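Here's a quick tour for anyone meeting this structure for the first time. Have a look at the sequence and the model, then read on.

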2 protein chains.
Amino acid sequence: MTDRSAPDRLLSVLAAFDHAHPALTLTDISRRAGLTLTTAHRLVTALTGWGALERDASGVYHVGLRLWEIAALAPRGLALRQAALPYLEDLYEATHENVQLAVRDGSEVVYTEWLSGHSAVGVHIRVGARWPLHVTGVGLALLAHSPPDVQAAYCEAPLEACTDHTLTDPQRLRRVLAEVRRTGVAVSSRQVTDDALSVAAPVRGPDGAVVAAVSVVVPYADARVPVLVPAVRLAARGISRALGWQPG
Amino acid sequence: MTDRSAPDRLLSVLAAFDHAHPALTLTDISRRAGLTLTTAHRLVTALTGWGALERDASGVYHVGLRLWEIAALAPRGLALRQAALPYLEDLYEATHENVQLAVRDGSEVVYTEWLSGHSAVGVHIRVGARWPLHVTGVGLALLAHSPPDVQAAYCEAPLEACTDHTLTDPQRLRRVLAEVRRTGVAVSSRQVTDDALSVAAPVRGPDGAVVAAVSVVVPYADARVPVLVPAVRLAARGISRALGWQPG
């Protein structure tokens, strides 16, 4: 372990926490980070003192409020979300369905916002969840507007199937992406689960580049796509305008 | 600088980012973190490689998506927020006013959620904003339910005034806190700004301890407190139940 740098060791302590492991003992951390107990203890103590971790009454560690405060400054995290939230709320009030905001990270889509009231049904998507780009509506919207080399590489790699309806044929995926660019909207029908459909539209930044995508997910059985499309497009344009984009 | 530990130096790079400084050059980071350019460069490179920071096309650094994803696991940040969000949305739909969720950090209140639609007016509170406990509704609700020694120490320290209406008399503050405990609701009237009023209620965890507070902020001039109180209390109880609290 002597070849690991000090930053690498400290960051491995933070990386020990994930959605399946949001609460860890010192032993868990040491094991998951590949550190000796002594090193893990020293680093956890530093992180706890600073507020990046918090120790509860039972001695279990959680991610701390101070790390959350700094992370809230991430332009693609809470900062984007704050510009988007009023429009996401409007979309939620108009549809009363699950509403999502997502960004692209390499070949994956990361959900950075998710609104769901008591009345919303269907797929439950977690903030921070990741999916391959080709399976979800937001992923298709983001992939369709990513640089040509990113699209080409994505279509050449194997396309994972989540259901029998997932787009796994590269030719068909290329046609769908062209259609997304033409219509300004992406529909993913039963590609993630057999009973859900999502409608997504791209969000643009000040320079017109696509920086995020917004979507609603509804049960496939009674999805009224023609009704959802204008609502989702309107929300996406509203967020784009809030970010400084001007149509033209 | 040789007496600073490796974790301290790395964390000082993260701490260089705040609401007034969400985007920094390498020189900014080195200056704000008190590090040499060489050390700052080494640490920033490690943090960027890991995804804790992101470098944009102009060479400016921002907080990265990966840090945001890990911070989303903070029980008092996004995890609390996800349990609370449906109830905050209901409160927003019922009132169409600014809705907040906040937690106590020492002698300050930290806003961890803030919903505001187009129609909401009044004070604009930022996620991650901090205020002294005695000036805001959520702060009073949290202080009233904090351990007796915390309350005693708080009331003995100087009480900062934001407006002529801010509670600065410790005797009066103690009476207000007793009233908050008796009624289950805290009202802060023109304490932060001369034109705003907030109504807040405490949120309880599974063991009955107060873990957060929820509020609405409205313009003072047409605040209908008797109408807001039941809505805010209902939202707070709904979130408490979602967290596992049972009245009894």
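Helices here are DSSP runs of H or I with at least four residues, strands are runs of E with at least two, and both are numbered from the N terminus. Axes are lines fitted to C-alpha atoms, for helices over the stretch in contact, and angles run from 0 to 180 degrees between N-to-C directions. This is a predicted model, where local features need pLDDT of at least 70, side-chain atom pairs count only at pLDDT 80 or more, and totals for chains, interfaces and linings use all residues. Residues are numbered from 1 along each chain as its sequence is written, chains are lettered from A and ligands numbered from 1 in the order in which they are written, and side-chain values use heavy atoms, leaving out hydrogens and water.

**How the two chains meet**

- Helix H1 (residues 6-15) of chain A packs against helix H1 (residues 6-15) of chain B at about 75°, with the axes 10 Å apart.
- That makes H1(A) roughly perpendicular to H1(B) (the label covers 65 to 115 degrees; under 35 is roughly parallel, over 145 roughly antiparallel, and the rest oblique).
- Ala6, Pro7, Leu10 and Leu11 of chain A meet Ala6(B), Pro7(B), Leu10(B) and Leu11(B), a contact being heavy atoms within 4.5 Å.
- By class, this H1(A)–H1(B) contact has eight nonpolar residues, no polar and no charged ones (nonpolar: Ala, Val, Leu, Ile, Met, Phe, Trp, Tyr, Cys and Pro; charged: Asp, Glu, Lys and Arg; polar: the others, Gly among them).
- For chain A, 100% of the interface residues are also interface residues in chain B, so the copies meet through the same surface.

**The sheet in chain A**

- Six strands make an open, antiparallel sheet in the order S5-S4-S3-S8-S7-S6; strands pair if DSSP finds at least two bridges between them.
- At the edges sit strand S5 (130-132) and strand S6 (186-189) of chain A, each pairing on one side only.
- From one strand to the next, the twist averages 30°.
- Strand S7 (residues 196-204) of chain A runs antiparallel to strand S8 (residues 210-219) of chain A, joined by nine bridges.
- Across that pair, Leu197(A) stands opposite Val218(A) in S8(A).

**A helix pair in chain B**

- The axes of helix H6 (residues 137-144) and helix H8 (residues 170-183) of chain B come within 9 Å and cross at roughly 80°.
- That makes H6(B) roughly perpendicular to H8(B).
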